[in-house]
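Student: Could you walk me through the charged residues in this protein? I'd like to ask things as they come up.

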Amino acid sequence: MTDDTLRSVDIERSSVGRYVVRNVRGGSIPVGSGEDDSFTPVELLLAAIGGCTAIDVDLITTRRAEPTRFAVRVTGDKIRGEDGNRMENLLVVFDIAFPDGDPGDAARDMLPRAIQRSHDRICTVSRTVELGTPVSVTVAE
């Protein structure tokens, strides 16, 4: 890994079943087991998939027109299988509208290609989930 490719977050326990995730820029997100309003790790996975592709699609389409509505819903089924717990049936649904007129028409025309391009090439998160990558775990020395 190099400084150009390395990404990281730090997670610190705040109480039983509650943690705070921090990034290098100072942002933080409370994480928990689902017993309060904090995000669960599975919800963060769904948010990462949807957020990644939403950013891609937004950057591509807003070169043509500013959306009048831009929402993304990500769903999936959490299952217990022979290989352990995992998510199946992941689905990202875009609900986007653009204004009438030539710029809006150009953005609408670009929308399906932008979504496909994000899915097939650009979105690091969904590409990693689909292609799979080993996850190593260890104890700090």
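Predicted model: local features only at pLDDT ≥ 70, side-chain atom pairs only at ≥ 80, totals over all residues.

Student: Ok, how many salt bridges does the structure hold?

Tutor: The structure holds six salt bridges, and as background, side chains of opposite charge can pair when their charged atoms come close.

Student: Which residue does R18 form a salt bridge with?

Tutor: R18 pairs with D36, and the closest N and O atoms of the two are 2.1 Å apart.

Student: What about D105 and R108, what do their side chains form?

Tutor: The side chains of D105 and R108 meet in a salt bridge, with 2.5 Å from N to O. Both residues lie in helix α2, where they are three residues apart, which is about one turn of the helix. D105 is partly exposed at a relative accessible area of 34%, and R108 counts as partly exposed at 32%.

Student: Where do R127 and E130 lie?

Tutor: R127 and E130 both lie in helix α3 (residues 124-131), three residues apart, or about one turn of the helix. They form a salt bridge too, in which the closest N and O atoms are 3.1 Å apart.

Student: Changing topic, which residues gather in a patch of positive charge on the surface?

Tutor: That patch brings together R63, R64, R113 and R117. Of these, R117 has its place in helix α2 (residues 102-122), and R117 is partly exposed because its relative accessible area is 47%, whereas a residue counts as exposed over 50%.

Student: So where is D83 found, and is D83 buried or exposed?

Tutor: D83 is found in the loop between β4 (69-81) and β5 (84-97). With a relative accessibility of 76%, D83 counts as exposed, because the cut-off for that word is over 50%.

Student: Last one, how many Å apart in space are D83 and M110?

Tutor: Going from C-alpha to C-alpha, D83 and M110 are 40 Å apart in space, and along the sequence they are 27 residues apart.

Note on methods. Residues numbered from 1 in each chain as written. Heavy atoms only, no water. Patch = residues over 30% accessible without salt bridge, like charges linked within 9 Å, V, L, I, M, F, W, Y side chains within 5 Å. Areas by Shrake-Rupley, 256 points an atom, 1.4 Å probe, with all protein chains shown as cover. Salt bridge = Lys/Arg side-chain N within 4 Å of Asp/Glu carboxyl O. Lys, Arg positive; Asp, Glu negative; His and termini not counted. Charge placed at Lys NZ, Arg CZ, Asp CG, Glu CD. Helix = DSSP H or I, 4+ residues; strand = E, 2+ residues; numbered from the N terminus. Buried < 20%, exposed > 50% of the residue type's maximum accessible area, 1.4 Å probe, protein only.
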